[in-house]
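Please look over the chain before reading the points that follow. They are grouped by topic.

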Amino acid sequence: MSLQKQVMDKMKEAMKAKDTVALQALRAVKSAFLLAKTETGVQAELTEEQEIKIIQKQVKQRKDSAAIFLKQDRQDLAEPELAEIAVLEQFLPEALSEEKIEEVVLATINKLGASGMQDMGKVMGIVSKELAGKADGKTISILVKKNLA
């Protein structure tokens with residue numbers, strides 16, 4: 001079943017349960033799906049990879065917002081963002097642990113023979129493609145820097 005269908009089913013459940021937080025998060029994802037479909041040059045149906053990227057982007061936006069609210073000591077505004085993250089993360093594949101990501105980074109560095117920061121772009125490109133949907137770019141970037149330094 002496609003992620004779009006799963007989102008729609010969860011949206012119906014949230015409406016019946018009168019779960020406003022889940023409903024708000026799911027509507028935002030549905031809107032992002034529709035927006036991506038209507039962009040020029042995109043085929044009628046989104047691939048699963050595209051759907052996952054859209055949901056990851058929604059999760060990242062909420063994490064950033066929650067971090068800002070917590071930094072400003074606004075727990076009342078951060079809580080709904082964190083609740084929406086929990087709703088959205090159920091549609092994402094399970095994230096890899098930092099150790100697993102580091103294994104992939106080290107294997108890629110060895111395979112490319114990368115020796116310094118000048119090779120970071122090459123390593124990032126390959127690792128990001130390989131771990132698409134399973135790890136966020138920030139974590140990958142930190143581990144690549146650490147291992148190339």
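Glutamate 98 is in contact with Thr139 and Leu143, leaving aside its neighbours within four places in sequence. The model is a predicted one, and in it glutamate 98 belongs to helix H5.

**Helix H5**

- Glutamate 98 and isoleucine 140 are 42 residues apart along the chain, and 8.7 Å separate their C-alpha atoms.
- Threonine 108 is also part of helix H5, which covers residues 98-112.
- The relative accessible area of threonine 108 is 3%, and buried means under 20%, so threonine 108 counts as buried.
- When residues up to four places away in sequence are not counted, threonine 108 touches Val123, Ile126, Val127 and Glu130.

**Helix H3**

- Helix H3 consists of 24 residues, 48-71.
- From the first C-alpha of H3 to its last the reach is 34 Å, close to the 34 Å expected at 1.5 Å a residue.
- The buried residues in H3 include Glu51, Ile52, Ile54 and Ile55.
- Gln58, Val59, Arg62 and Ala66 of H3 are buried too.
- Helix H1 (3-17), helix H2 (20-38) and helix H4 (75-89) are what the buried residues of H3 pack against.
- Aspartate 73 follows H3, and its phi is positive, near 60 degrees.

**Domains**

- According to the domain assignment, the chain has domain 1 (3-91) and domain 2 (98-148).
- The centres of domain 1 and domain 2, taken over C-alpha atoms, are separated by 27 Å.

Terms used:
Residues numbered from 1 in each chain as written. Predicted model: local features only at pLDDT ≥ 70, side-chain atom pairs only at ≥ 80, totals over all residues. Heavy atoms only, no water. Helix = DSSP H or I, 4+ residues; strand = E, 2+ residues; numbered from the N terminus. Buried < 20%, exposed > 50% of the residue type's maximum accessible area, 1.4 Å probe, protein only. Contact = heavy atoms within 4.5 Å. Expected span 1.5 Å × (residues − 1). Domains from an automatic or database assignment.
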